[in-house]
Amino acid sequence: MDWIGHYNYWIYVVLMMIGFYAVIAKPNLVKKVIGLGLFQTAAFLFYISIGMVDDGTAPIVWGHAVRYSNPLPHVLILTAIVVSVSTMAVALALVVAIHRAHGSIESNLIDGSPPKKHE
Amino acid sequence: MIGDNLPALIVVIPLLGAVIAPLLGRGQGPWWLATVVCSTVLALSGLLLTRVLAHGTLSYALGGWVPPIGIEYRVDRLNALVLLIVAAISAVVTLYARLSVAKEIAPERLRFFYSAYLMCITGLLGITITGDAFNLYVLLEISSISTYILVALGRQPQALRASFNYLVLGTIGATFLLIGIGYLYLATGTLNMTDLAVRLGEMSHNRTVRSAFAFIIVGASLKLALFPLHAWLPNAYTYAPSAVTALLAATATKVGAYILLRFLFTIFGLELSFATLRADVVILLAASVAVIVGSLAAIRQDDVKRMLAYSSIAQIGYIALGIALVSVTGLSAGILHLFNHALMKAALFLALGCVAYRINSTNIRDLHGLARRMPWTFAAFTAGGLSLIGVPLTTGFISKWYLLRATIERGWWPLAIIIIVGSLLAVVYVWRVVEAAYFHPPAESAKAIHEAPAGLLLPTWALVLANVYFGIDTQLSVGTATAAARALLAAAGGTP
């Protein structure tokens with residue numbers, strides 16, 4: 001088994017768990033959003049890694065190329081990056097709105113206390 | 001020409017609608033657009049279902065790219081039925097939304113509401129129709145992101161927190177699905193569902209495939225809100241605007257169940273899902289606990305909207321129970337309950353929305369004596385409640401009956417008892433509302449309350465009547481569900 005050779009898969013799992021931990025353990029909503037970002041980005045790293053082909057070059061038609069990397073996972077992940085950006089945008093917009101409504105973005109402070117009246 | 005492009009049109013029309021809606025200004029324009037779009041989609045999905053029932057599975061190559069290279073839209077009996085559910089419920093809810101949403105959402109936000117609303121429907125329809133695993137993930141996120149927006153538009157400030165929690169859990173679930181699909185691609189080199197099914201046939205002992213299975217089932221269960229992954233549901237349903245709650249309860253979780261069915265049966269197949277990995281045991285356990293715990297939690301709620309949300313968790317348990325029985329009757333019961341629960345929960349949430357429209361509250365104490373002031377609304381609620389309990393001549397009875405038959409067929413008596421206990425618990429929580437509304441003297445402040453306007457009552461009653469109709473004439477629902485269950489099992493490798 002080639003443990004070291006697959007280091008990017010190890011990094012993907014470790015990154016993902018760091019992000020997951022932040023989402024669960026951090027009370028601050030922005031930190032949760034950062035954790036969520038890490039979590040998703042780790043999945044992108046995984047997708048990009050599976051497109052790797054030994055000795056493959058960028059998948060652009062080129063006379064000297066022997067092998068090409070698999071472009072499909074890369075294209076897929078472009079779509080997933082767009083999805084992730086929109087999720088982040090909605091999440092941050094929600095955090096701003098929560099701050100307006102509750103005056104705080106610490107979830108442990110918000111959940112116990114009744115929200116301030118707004119509008 | 002239009003006939004050939006039916007599958008694409010069902011997704012493209014609401015997508016275009018979502019883009020055009022914000023351009024139509026602050027008046028009723030966006031609502032009219034949503035109404036036209038949803039009724040067109042309903043007509044098209046009806047047409048598609050008749051066509052599939054007559055000619056069998058339809059395959060559509062999106063953009064003319066031949067599958068498995070291109071994205072395929074594949075319509076069989078199962079997803080034609082789910083498409084019809086989503087289209088029908090969204091058409092009725094859109095009619096209802098005009099008055100209800102105008103009252104709950106600021107006028108300057110209305111056009112964006114309808115944009116997100118149509119986008120959500122686009123996503124749900126797309127998930128159902130697509131035959132490509134990655135496409136499913138993208139459409140899932142389209143529907144989820146617009147759902148977060150819709151939930152956040154609720155009137156109370158708690159709606160924001162509910163939406164944020166839903167966003168976090170929903171994104172984790174979707175990312176699990178993404179990773180699972182990545183593993184499948186890694187193992188098989190394809191994303192087309194039919195192709196995946198063929199290539200996974202001999203790979204049930206591959207560890208990558210097994211990890212993919214775990215990721216995908218957990219991701220789909222989060223979307224479905226199967227116990228214990230239901231934490232996002234009660235708050236999201238309670239604080240979302242009335243029309244949105246009805247739409248979500250009736251369609252979003254049903255599409256989640258569809259994803260589970262599609263992956264368990266069509267893609268992974270019986271051998272891998274149930275013989276090797278015993279997913280049925282896990283799902284049966286989770287579903288049984290969901291039925292009991294969801295019903296018990298529902299009894300303890302003072303907010304009727306939250307009560308119905310917990311009841312949804314229990315009802316999702318019934319759907320999952322049917323799926324996990326892995327027999328023709330069980331699977332038919334699950335698919336049937338998917339259809340029937342959409343009808344009953346939408347009717348109940350719409351009736352409750354009528355109450356919220358008049359008294360701005362859904363707390364059970366504020367309902368005291370209201371049945372005399374709003375007789376039609378509470379008659380609708382009671383009828384929906386009877387269906388939820390499973391009284392004969394309602395849809396609820398039909399699906400519970402099939403579910404019971406399926407458990408007895410297998411000789412699993414404890415499950416039959418759980419189903420009956422769940423129904424009895426439903427009697428308790430529905431009765432609490434009925435008692436408050438019919439048998440308590442009205443408060444002084446309730447004197448000035450009138451019946452809800454016809455614009456809200458008509459869509460609600462349309463669904464109530466559908467509940468009764470499909471409780472008596474079961475040809476469409478039972479016939480299609482049984483045929484879909486047979487086809488699923490046959491494609492998944494025969495009856496176990």
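Does B:Leu393 count as buried or exposed, and at what relative accessibility? B:Leu393 counts as exposed, at 55% relative accessibility (exposed means over 50% relative accessible area, buried under 20%, partly exposed in between; 1.4 Å probe, protein chains only).

This is a predicted model, in which local features need pLDDT of at least 70, side-chain atom pairs count only at pLDDT 80 or more, and totals for chains, interfaces and linings use all residues. Residues are numbered from 1 along each chain as its sequence is written, chains are lettered from A in the order in which they are written, and side-chain values use heavy atoms, with hydrogens and water left out.

**Interface of chain B and chain A**

- The contact (heavy atoms within 4.5 Å) takes 38 residues from chain A and 30 residues from chain B.
- About 2,900 Å² is buried between the two chains, 82% of it on carbon and sulfur atoms. Buried area is the accessible area (1.4 Å probe) that two parts lose on being put together, summed over both.
- B:Arg161, B:Phe164 and B:Tyr185 supply 23% of the area that chain B buries against chain A.

**Polar and charged pairs across the interface**

- The rule finds zero salt bridges between chain B and chain A (a side-chain nitrogen of Lys or Arg within 4 Å of a carboxyl oxygen of Asp or Glu).
- Four residue pairs are in polar contact, both residues at pLDDT 80 or more. A polar contact is a pair of N or O atoms within 3.5 Å; within protein, one must be able to donate a hydrogen and the other to accept it, and residues adjacent in sequence count only if both atoms are side-chain atoms.

**The side of chain B that touches chain A**

- Helix H5 (133-152) and helix H6 (158-188) of chain B each supply at least two residues. Helices are DSSP runs (H or I, at least four residues), numbered from the N terminus.
- H6(B) gives the largest share, 18 residues.
- By class, this side has 22 nonpolar, five polar and three charged residues. Ala, Val, Leu, Ile, Met, Phe, Trp, Tyr, Cys and Pro count as nonpolar, Asp, Glu, Lys and Arg as charged, and the others, Gly among them, as polar.

**Backbone features in loops of chain B**

- The peptide bond from B:Phe227 to B:Pro228 is cis, with omega near 0 degrees. B:Pro228 lies in the loop between helix H8 (207-224) and helix H9 (233-239).
- B:Asn360 is not a glycine, yet has a positive phi of about 60 degrees. Its loop runs between helix H13 (328-359) and helix H14 (370-373). B:Asn360 counts as partly exposed, at 46% relative accessibility.
- B:Leu393, also not a glycine, has a positive phi of about 75 degrees. B:Leu393 is in the loop between helix H15 (375-389) and helix H16 (395-410).
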